[in-house]
Amino acid sequence: MSVEREIPYKIYLEESEMPVAWYNLRADMKKKPAPMLNPQTLQPATIDELSAVFCKELAEQELNTTDAYIPIPEGIRSFYKMYRPAPLVRAYCLEKHLGTPAKIYYKFEGNNTSGSHKLNSAIAQAYYAKKQGLKGVTTETGAGQWGTALSMACSYFDLDCKVFMVKVSYEQKPFRREVMRTYGASVTPSPSETTAVGRKILAAHPGTGGSLGCAVSEAVECATSQEGYRYVLGSVLNQVALHQSVIGLETKAALDKYGVKADIIIGCAGGGSNLAGLIAPFAGEKLRGEADYRFIAVEPASCPSFTRGKYAYDYCDTGMICPLAKMYTLGCDFMPAPHHAGGLRYHGMNSMLSELYDQGILEATTVKQTEVFQAAVEFARVEGILPAPESSHAIRVAMDEAIKCKETGEEKTIVFGLTGTGYFDMVAYEKHNNGTLTDYIPTDEEIAAALSKLPKVD
């Protein structure tokens with residue numbers, strides 16, 4: 001059952017200003033994202049086909065392009081009340097530090113034990129798994145934020161949780177790994193010898209630090225080979241972007257309450273869920289011709305899906321067992337450098353964001369790792385929050401845009417997503433403080449080699 005589109009979204013906010021319905025941006029897109037394809041038939045994936053991998057209600061959400069509002073079940077909303085609404089903060093100290101006339105706001109999603117926005121979708125996916133009567137779920141995680149969030153959600157609903165963690169992050173972030181285990185999850189470094197696809201990847205790429213695409217393949221194989229399990233994903237999918245729309249709905253409600261209109265909205269982009277969630281209601285207004293905004297996706301220079309990728313159908317995983325999605329991609333065989341971009345090390349981008357980017361509604365830019373950590377430290381020193389490396393990509397560009405305002409004298413309002421905290425990322429901060437962080441930018445030849453293996457889809 002959907003909520004009527006004609007009614008303003010504010011009616012669906014409680015007195016606490018927490019949304020009681022998710023907003024599905026695809027309903028307001030005249031040109032919809034291309035459908036996911038069955039990799040065997042190359043025909044649009046059906047509910048039944050997706051339900052073999054995902055929970056049935058999540059599969060329905062994945063394919064829903066018509067309902068603008070989808071009610072949030074009470075079982076999920078009651079959990080949200082532990083930490084939502086999340087604060088929208090005016091960065092007065094950062095503004096003063098930069099000497100900018102710009103007004104800077106950040107939506108802080110790190111005010112929960114998982115330390116990030118990932119809990120917004122983790123609790124939803126665990127809820128639907130429990131409702132379906134499943135034993136447990138499998139997943140992948142990059143920096144570990146998603147795995148941490150899902151382990152918390154599964155513990156809440158008494159579900160088994162099996163996490164395949166990108167090997168380089170497994171080694172760099174042992175404490176986040178231990179938080180997952182504390183909440184009862186099993187954590188396996190990926191690629192591993194425990195799955196057929198993991199063994200295949202290791203044979204092809206000996207000594208690899210892994211990628212999110214590798215971990216996705218292992219998690220899907222693990223789920224589909226066990227009775228009573230389904231696979232859940234922390235980004236990329238439209239169902240995840242839907243759940244993350246609570247970020248944007250709360251942000252817009254807070255800005256509206258104080259009569260503030262954003263000019264520029266910025267988010268880091270790996271698979272795209274936090275960015276999609278942050279911009280959703282604002283993008284809806286832009287698509288309907290009600291307001292105008294600049295949306296900027298910030299991705300690592302080491303994994304530039306938007307800015308150097310190709311808009312094409314590709315596998316969502318390195319093992320080539322998942323459905324095909326049309327997205328900006330570097331090729332599912334692309335192996336990003338083992339840098340500290342963490343959860344942004346994914347070869348492709350959410351299909352909805354990819355379509356918005358292709359239409360020119362969304363901009364994209366890249367930043368280098370050393371620039372990111374310079375911004376992270378600067379932000380920590382003046383705003384008092386140690387940001388996650390992923391979030392710091394957005395911080396870097398928000399600061400750059402504020403400095404441009406200083407140069408031009410424009411009083412723009414900048415909003416960015418502070419998706420999480422960096423307290424489990426101290427190895428990266430240590431390397432920055434020691435001056436040993438380096439930048440890596442893939443060559444055109446490396447990207448071309450991965451793109452040459454894209455599936456042939458008419």
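**Note on the sheet and cores of a predicted model**

1. Strand 4 (residues 103-108) and strand 14 (residues 413-418) run parallel and are joined by six bridges. Helices (H or I, at least four residues) and strands (E, at least two) are DSSP runs numbered from the N terminus, and two strands pair if DSSP finds at least two bridges between them. Within this pair, phenylalanine 108 has leucine 418 of strand 14 as its bridge partner.

2. The model is predicted: local features need pLDDT of at least 70 and side-chain atom pairs count only at pLDDT 80 or more, while totals for chains, interfaces and linings use all residues. Residues are numbered from 1 along each chain as its sequence is written, and side-chain values use heavy atoms, with hydrogens and water left out.

3. The open sheet has six strands in the order 3-4-14-9-10-13, with mixed pairing. Strand 3 (88-90) and strand 13 (363-367) are at the edges with a single partner strand each, so one side of each has no neighbour in the sheet. From one strand to the next, the twist averages 25 degrees.

4. Is strand 9 largely enclosed or left open by the rest of the structure? Five of its five residues are buried, so strand 9 is largely enclosed. Buried means under 20% relative accessible area, exposed over 50%, and partly exposed in between (1.4 Å probe, protein chains only). Ile264, Ile266 and Cys268 point one way from strand 9, whereas Ile265 and Gly267 point the other way. In a regular strand, side chains alternate between the two faces of the sheet.

5. Strand 9 pairs in the parallel sense with strand 10 over five bridges, and isoleucine 266 stands opposite isoleucine 296 of strand 10. The chain passes from strand 9 through helix 13 to strand 10 in a right-handed β-α-β crossover; that is, with the strands pointing away from the viewer, the path from the first strand over the helix to the second runs clockwise. Strand 9 also pairs in the parallel sense with strand 14, over three bridges, and there isoleucine 265 is opposite valine 415.

6. The largest nonpolar core has 72 residues, of which Trp22, Ile76, Tyr80, Ile265 and Phe295 touch the most other members. Such a core is a set of buried Ala, Val, Leu, Ile, Met, Phe, Trp, Tyr and Cys residues joined through side-chain atoms within 4.5 Å. Helix 5 (residues 119-131) gives the most to this core, namely eight residues. A second, separate core of 33 residues includes Leu94, Phe108, Val367 and Tyr429.

Key: Axes fitted to C-alpha atoms, helices over the stretch in contact; angles between N-to-C directions.
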